[in-house]
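Please examine the sequence and the model shown below.

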Amino acid sequence: MTSFYPGPSQLYPQIADFLQEAYASGILSRNHRSKEFIAMNQQTVALTKAKLHIPNNYALVYASSATECWEIIGQAYLELCSIHLFNGAFGEKWYQYRRNISANALPMPFSIQKMPSLNALKRLAIRPEVICLTQNETSNATQLKNRWLRKVRAQFPDSLVCVDATSSMGGIALDWLAADVWFASVQKCFGMPSGMALMVCSPRAIALAEQLAHRTHHNSLLHILEKARDGQTTHTPSILHIFLLGKLMETLPDIQTIQRTLKERRRTWEYFLRKNRYELLVHNKAVRSDTVLAIKTTPEKVHRIREKAEQADFLLGKGYGAWKENTVRIANFPAIPAERIAALQHVLASEA
Ligand SMILES: *Cc1c(COP(=O)(O)O)cnc(C)c1O
């Protein structure tokens, strides 16, 4: 079975060997305060930062899921007013998580066919102290491009910009300097098993967390950052995930190379779908995702397409949230072998 589900998704094939290697190395039986673990962890962090071009003065730390990152950010910057720009289910969920712990959260929904309006954000009576964005909205296959994110940074230089990049980090070259907190779980674009998330924090995000000094929760960002400085974690982490991430980063090409391949594949997909008269959910090319495609059709046809793919041993994504019934989602993640894409297209060609 080849999975084109946008999370959990197809694993990189080399994961199979890395799992064996992790067992054989003995690292999984080591204490997480041991010098062996610390060295392995520091190596993983260094390799990940290098491969993804994360600036040296940004911190890279772990959490267990993107959902936990929503919570961690909400707690770390508890008293600050957060504005949530969203056009889909994941951005909205983030808003709701924040809303559950603070009244200082404001929703700003926008259309899936357009870029969100920065003027509307400027016209708000309150100052957005924290701006929460979903770089790649997995539920509807839209994205906010680096260029737009840089605009946010330039027009709101005092705001803390936090970005959910769950279904794009590891596939797209993100412009780290354009935001302060970036996060992603690894079961999407990283092609890894579920159960881990990465958080990337700017010096400003770190300084602000120190200033507000929230440390009462087990997953306090401040506490996580402090431990990470010594190559450690607050609690026993998934040593297996850290090992797998390190190995993967050793073998994968640079993020610029991965991105080039992905964008090329996206163009091929879009050409294929147009030629075969499939309709995309997102009409505006400027906001369409590079890493997730969404085909819009009738509920009957959704069922038929997914069933047919499954008979040929392909798993396609269901719709999600408001688009649950009338879309098929297809992951364009880097772990999917090129030859499987061609094979899936062969199956889908005869449907349309
Ligand atoms: C999948 C996803 C999440 C949730 O990820 P978990 O690891 O299940 O918490 C959050 N945001 C986006 C954009 C996602 O695609």
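**Salt bridges**

Lysine 263 and aspartate 290 form a salt bridge through their side chains, with an N to O distance of 3.3 Å; the term denotes a side-chain nitrogen of Lys or Arg within 4 Å of a carboxyl oxygen of Asp or Glu. This pair links distant parts of the chain, 27 residues apart: lysine 263 belongs to helix H10 (residues 255–275), and aspartate 290 to the loop between strand S11 (279–280) and strand S12 (292–296). Helices (H or I, at least four residues) and strands (E, at least two) are DSSP runs numbered from the N terminus. In total, the structure holds 18 salt bridges. Side chains of opposite charge can pair when their charged atoms come close.

The model is predicted, so local features need pLDDT of at least 70 and side-chain atom pairs count only at pLDDT 80 or more, whereas totals for chains, interfaces and linings use all residues. Residues are numbered from 1 along each chain as its sequence is written, and side-chain values use heavy atoms, leaving out hydrogens and water.

**The ligand site**

The ligand is surrounded by 13 residues, the closest being Thr67, Thr138, Asp164, Ser185 and Lys188; a residue is near if one of its heavy atoms lies within 4 Å. By class, this shell comprises 3 nonpolar, 8 polar and 2 charged residues, where Asp, Glu, Lys and Arg count as charged and Gly is among the polar residues. Helix H3 (residues 66–76) supplies the largest share of the shell, 3 residues.

One of its oxygen atoms is 2.4 Å from a side-chain N or O atom of threonine 138. For glutamine 187, a side-chain N or O atom is 3.0 Å from an oxygen atom of the ligand. Alanine 66 contributes a backbone N or O atom, 3.2 Å from a ligand oxygen atom. Of the 380 Å² that the ligand exposes when taken alone, the protein buries 87% (Shrake-Rupley method, 1.4 Å probe).

**Backbone features**

Glycine 7 and proline 8 are joined by a cis peptide bond, with omega about -15 degrees.

Terms used:
Polar contact = N/O pair within 3.5 Å; in protein donor to acceptor, adjacent residues only side chain to side chain.
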